[in-house]
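I opened this notebook to keep track of what I looked up, and in what order. Below is the model, followed by my entries.

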Amino acid sequence: KSVKNASGKITTRTVIPSNLNIKTNIKSDKLSAYGVNINNLLADVIYDFNHSKAELETLTLNLGKGLIRASGNVNLKTNAFDFNAITENFDPHFISELKDLTGAFNIKASASGKFTDTKTINANAEIKASNAGYGGIRLCNLDLPINFTNNILTIPNARGSLPGGNLTFGGTVNINNAANPVLDLNASSKGLNIAEVLKTFSLQDKSMPITGRVRGAVNVHGALNTATVNANLYVDNFKAGKVVNMPSAALEASGNMSRVTVRKLQARINNADINGNGSMSINPKNFMKSSLNINANVKRLELKPLLANFMEKPPLMGELRGNIKVNGTLAQPVAEIKLSEPLYYGIIRLDDIALRLKSPEENHYIVNAKLRAKNFTPELDIDFRQSGNNYIYDVRTNPLDINNAIEVQTASMQGMLKGAATVHVNGS
């Protein structure tokens, strides 16, 4: 709208000084964003127009009972940044990706570099928590230092306490090739209490309490797609109820995504000694079809107390001494036992045993057994499954040569009876 009786010309000139800075103060007593409650927010931000630089002088806020303090700056011309942050009693469970992570964390972190080039980024962090947990697993006294420089993430020496023992871990992850990072990671424990670990996962069976300790080390080395895992595990004073007493055991193995090799398997079970080695070729499409090649030597393994867990009066007696070879697949392993001393099934002497095992469902097993006792070679199909605290079994034989069966028991009766018969027994 024009102004009446006004005429003439006005010239204006506005000058913005080259050193113009704008300072903004942000304050909020209570704020909610994406379902997260932020309290006592206070921030001072300065923008330097001359240098295209934004500086966060101070930032403080409360997330729950946690306190966060931060400062830093960003240069919009060079894409350079430099930040520092400290958190106290920070509980990250409200972050959806970390909802299973519990506890109060104290974190010191700093980072500098350029947004446009990860090789220039140098970051350091130290994470501590006295009582944390993940997925129900408690982790106490966590001390986790982290460094990132030249696209390499380094964990120098991290420590924590798991239920039943201490854990140390560390190593590097090189992400210069982000699609296939190179790993060199390791973890070790000097002695996890097995009973405490089983209790944590609700796996301890009161009817057969398990005790003992596990110590060892695991290392992962190589590019992610082809990385090799080396594991050395040792068990001390393992007991399962009154049935299994294993003073010592050792497992040394290595493997990758396609093959697992057991270099050493050694155990002392009750009075028996077991030594073995082997390998498993992994089927990537169906893990249960992975093939096995295992060899073991067994000495002085008493069968009667072992089988007493599954049947009231075990018919198989003696000490297992000999070589065991396992082939086939995980779903259908085939075991051959070459005996250096005979076993006895009732009064029948057994010189060799060949077993084929498959498990169509959990706690359900089908065993095909071929036995040799002199000229008598019976073949049995044994079907047994768990029902409550008992096992139900069903045994069928192939047609048995009666003459050869009699010969096994007493040579004087040989030739008196001829023919074939089958046997079917079931019970629990």
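Entry 1, the whole chain. I began with contacts, meaning heavy atoms within 4.5 Å, and found that residues 24 or more positions apart account for 33% of the contacts in the protein with a separation of 6 or more. I note that this is a predicted model, in which local features need pLDDT of at least 70 and side-chain atom pairs count only at pLDDT 80 or more, while totals for chains, interfaces and linings use all residues. Residues are numbered from 1 along each chain as its sequence is written, and side-chain values use heavy atoms, with hydrogens and water left out.

I then looked up the secondary structure, where helices (H or I, at least four residues) and strands (E, at least two) are DSSP runs numbered from the N terminus; the protein has three helices and 28 strands. Of its 428 residues, 29% count as buried, where buried means under 20% relative accessible area, exposed over 50% and partly exposed in between, with a 1.4 Å probe and protein chains only. The protein exposes about 27,100 Å², of which carbon and sulfur atoms supply 55%; these areas come from the Shrake-Rupley method with a 1.4 Å probe, and for residues only the protein chains shown count as cover.

Entry 2, aromatic rings. How many aromatic pairs does the structure hold? I found two, counting rings of Phe, Tyr and Trp (its six-membered ring) whose centres lie within 6.5 Å, with planes under 30 degrees apart called stacked, over 60 edge-to-face and the rest tilted. Phe 81 and Phe 115 are a stacked pair, because their ring centres are 4.5 Å apart and their planes stand at 25°. Phe 81 sits in strand E5 (residues 80-90) and Phe 115 in the loop between strand E7 (105-114) and strand E8 (117-134), so this pair ties together parts that are 34 residues apart in sequence. I recorded Phe 81 as buried, because its relative accessible area is 10%.

I searched the whole structure for a side-chain nitrogen of Lys or Arg within 4 Å of a carboxyl oxygen of Asp or Glu, and the search gave eight salt bridges. One of them joins Arg 69 and Glu 88, with the closest N and O atoms 3.6 Å apart; the pair links distant parts of the chain, since Arg 69 is in strand E4 (residues 66-75) and Glu 88 is in strand E5, 19 residues apart. Arg 69 is partly exposed at 35% relative accessibility, and Glu 88 is partly exposed at 33%.

Lys 128 and Glu 126 meet in another salt bridge, at 3.7 Å from N to O. Here Lys 128 counts as partly exposed at 39% and Glu 126 at 33%.

Which partner does Asp 273 meet in a salt bridge? I found Arg 300, at 2.3 Å from N to O. Asp 273 lies in strand E17 (residues 272-281) and Arg 300 in strand E18 (residues 291-302), so the pair ties together parts 27 residues apart in sequence. Arg 300 is partly exposed, at 28% relative accessibility, and salt bridges that share partners join Arg 268, Asp 273 and Arg 300 into one network.

I looked up a nonpolar patch on the surface, formed by Val 218, Val 229, Leu 233, Leu 251 and Leu 265, with about 320 Å² of accessible area together. Patches are made of residues with over 30% relative accessible area and no salt bridge, like charges being joined within 9 Å and nonpolar side chains (Val, Leu, Ile, Met, Phe, Trp, Tyr) within 5 Å. Leu 233 lies in strand E14 (residues 228-240) and counts as partly exposed at 33% relative accessibility.
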